[in-house]
Amino acid sequence: MSILSLPVATLGTSRIGPRRELKFALESYWAGKSSEAELLEAGSGLRAANWARQKSRGATVIPSNDFSLYDHVLDTSLMVGAIPDVYGWNEGPVSLKTYFTMARGAQDGGHAQHGPGVAAQEMTKWFDTNYHYMVPEFHQDQIFKYASRKPIEEYEEARSLGYQTRPVLVGPVTFLKLGKSVNPAFNPLSLLDRLLPVYVDVLRELASRGAEWVQLDEPCLVMDVDEASRAAVRRAYAHFAKAVPALKIMLATYFGGVGDNLETVLALPVAGVHVDLVRAPDQLDAIVARAGRDLVVSLGVVDGRNVWRSNLPALLDQLAPMVKKLGRDRVQIAPSCSLLHVPTDIELEIDLDPNLKTWLAFSVQKIKELSILGKALAGYAADVADELTLSEDASVTRETSPKIHSANVAGRMAAIDDSMRRRRSAFTQRADVQRVAFALPMFPTTTIGSFPQTADVRNARAAHARGALNDTQYEQLLKAETAHTVHWQEDIGLDVLVHGEFERNDMVQYFGEQLLGFAFTKHGWVQSYGSRCVRPPILFGDVSRPKPMTVKWWRHAQSLTKKPVKAMLTGPVTILNWSFVRDDIPRSETCRQIALAIRDEVIDLEAAGATMIQIDEAALREGLPLRKSQWKDYLDWAVDSFRVCSSAVADGTQIHTHMCYSEFNEIIDAIAAMDADVISIEASRSKMELLDAFKSYKYPNEIGPGVYDIHSPRIPAVAEIKQLIVLARQRVSDRQLWINPDCGLKTRRWEEVRPALVNMVVAARELRAEA
């Protein structure tokens, strides 16, 4: 039988649906407006549509179990029974209530003062992406049990619809390495031998149901791992080969090259290995040269994390010799990683610039690209000649387009010098000036920036966008909402206020829409966590700021109060990391372009009277390369960009920054080098463990560790907040300490925010009185 195409695998796809159907189903269920059965039916419909969509675009290796109602790592915790006692699981079937309590927490006591409820599991970033996963929790006496049959159920569901899928599981070593223990001295990897029997049970059942292949994701193998971790990988896959010999395993690595783990990977008794050739194209030669003669190699050649169209003829030239060496029957082609990280379909975007649209490929288009490439590599290039020509033409048009490059931006970039990177005085001198100027109490209270975007605000924005509300009416509504929020903050006694950001749709999109070089979609949604979806801007050209972006709104808010109101900006590294970034110039160059634009805004804010300016760098750490050998280069240009945008102000102007989900120990030098006067971090879920880095480093500047977990709907009690502040005081001095929530409050409801912030202020006041 002739080969019409190389096998095309997708590794995984978006769960949320082309129009965020999962988000709305989840939020309806959580609000009590729909039943469990209706939620499960919505999930089933999304899975069926995903499988059909992939097959229709030419995918031949289609995944199952890549869908999740919240998070695939949390699903794995349920599968193996890694459910902490606090969630009350009785070792029977795991209920949706237990599942969502692990994800979101629960306010099991009515008012916050009457019970602390149950906290959610810790959440952090999935490797260096903007996707969040729920951190598994392990302990020394951990017992694993086969508790959730979700992988089998979804495999069977696909079969009933006529799809022979390749089930996807998080690999056992990666799963353990992603977890944490209450005892920091305990290594979760020591639990491997207890965990493997559960995986074997799952694999055996899949095989018995007809699965021929299973995909086990071990992205930890693109990181710096020690010999103990390599030994764990060898032991795990030797165990699987012996226990389930008939089932073929595709070991999937992604987000980088396997590097010094190559020998380990190629020696494993697995049927196939997937490698990321977008992030690490240089690994291909070594893999082709050293792969065993029976090993199937899955080539991740289309970017699963960015939205640019591939140059298929260039890929064909690169890959054809390698396919010839391996043999067509030993090659699959795939995205670099799961398509979870890109939107669904560019054809939904009817308002995009037509030229720009031809440069883009979302999930549907990427699968089609792989199908075309698969046919060409199988020897049928003539059958897809028109598609190959269109691909090459799009690449040439993009490369030569005058929309991409700006002589003015190039001139400003060349003029950056050391004087633009330094504050006028050291922090100790600035701090003295600022303490006198602001006269704040001990443990000053503030928030991170945004307040709840109510249905009224969202409806008004939608009405304004479609022309049903004119500019004046829309602005009046936003000013009224801002005034209400400023006065309410004054009433409850917050020390430093914010304006609430009601005019902003998203902390990156709001700025990108006012900067040159950015484009925006209407349906380009990707999942951040649970029902939280974002539409990353598409950064296609040189960046500059035509006019002030935030000054008017800060002026309005400050006119309403005598207390200081922080001006709120998003930093250049975060704008970069939370956008789909151009791939034709170095990321560092784009970041400095954004820094110059934010610097202009900082200067204008200070000239307008702002004395506190917060430049959020929520995504600084998530941009770290996965290999430590590459950290210094990234941190050098990331810190440099922050200093360029923040250093033009006087000593009395206090620069704040905010960071999310950051393990700071290994980058504390870089954090200090940013030289922000105040840094706020998310710390409540870690019980202030994240402050250990600041304590051991003797960090001199001021710190606001989050004392209220805004990613959960539960309301923390005064005693709970006080206990967190006490833990913070054990790590940093009272003089350094600010009191604030973990993050912005945009996604929460006022009914949750009001009592939580009141409790936060009361806790701070009580501790002031006791100090």
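**A helix pair up close**

Author: H26 and H27 cross with a right-handed sense. Bear in mind that this is a predicted model. The two helices, H26 at residues 718-729 and H27 at residues 750-770, have axes that come within 8 Å and cross at roughly 55°. Angles from 65 to 115 degrees would count as roughly perpendicular and those under 35 as roughly parallel, so H26 and H27 are oblique to each other.

As for who does the touching, H26 brings Val 718, Ile 721, Lys 722, Ile 725, Val 726 and Arg 729. From the H27 side come Ala 756, Asn 759, Met 760, Val 762, Ala 763, Ala 764, Glu 766, Leu 767 and Glu 770.

Seven strands make up an open sheet, ordered E1-E5-E7-E8-E9-E10-E11, with parallel pairing. Its edges are E1 (62-64) and E11 (331-335), each of which pairs on one side only. From one strand to the next, the twist averages 30°.

Inside that order, take E5 (residues 165-170) and E7 (residues 213-217): they run parallel and are joined by three bridges. Val 168 sits opposite Gln 215 in E7.

How values were computed
Residues numbered from 1 in each chain as written. Predicted model: local features only at pLDDT ≥ 70, side-chain atom pairs only at ≥ 80, totals over all residues. Heavy atoms only, no water. Axes fitted to C-alpha atoms, helices over the stretch in contact; angles between N-to-C directions. Helix = DSSP H or I, 4+ residues; strand = E, 2+ residues; numbered from the N terminus. Parallel < 35°, antiparallel > 145°, perpendicular 65-115°, else oblique. Left-handed = near helix turned anticlockwise from the far one by under 90°. Contact = heavy atoms within 4.5 Å. Pairing = 2+ DSSP bridges.
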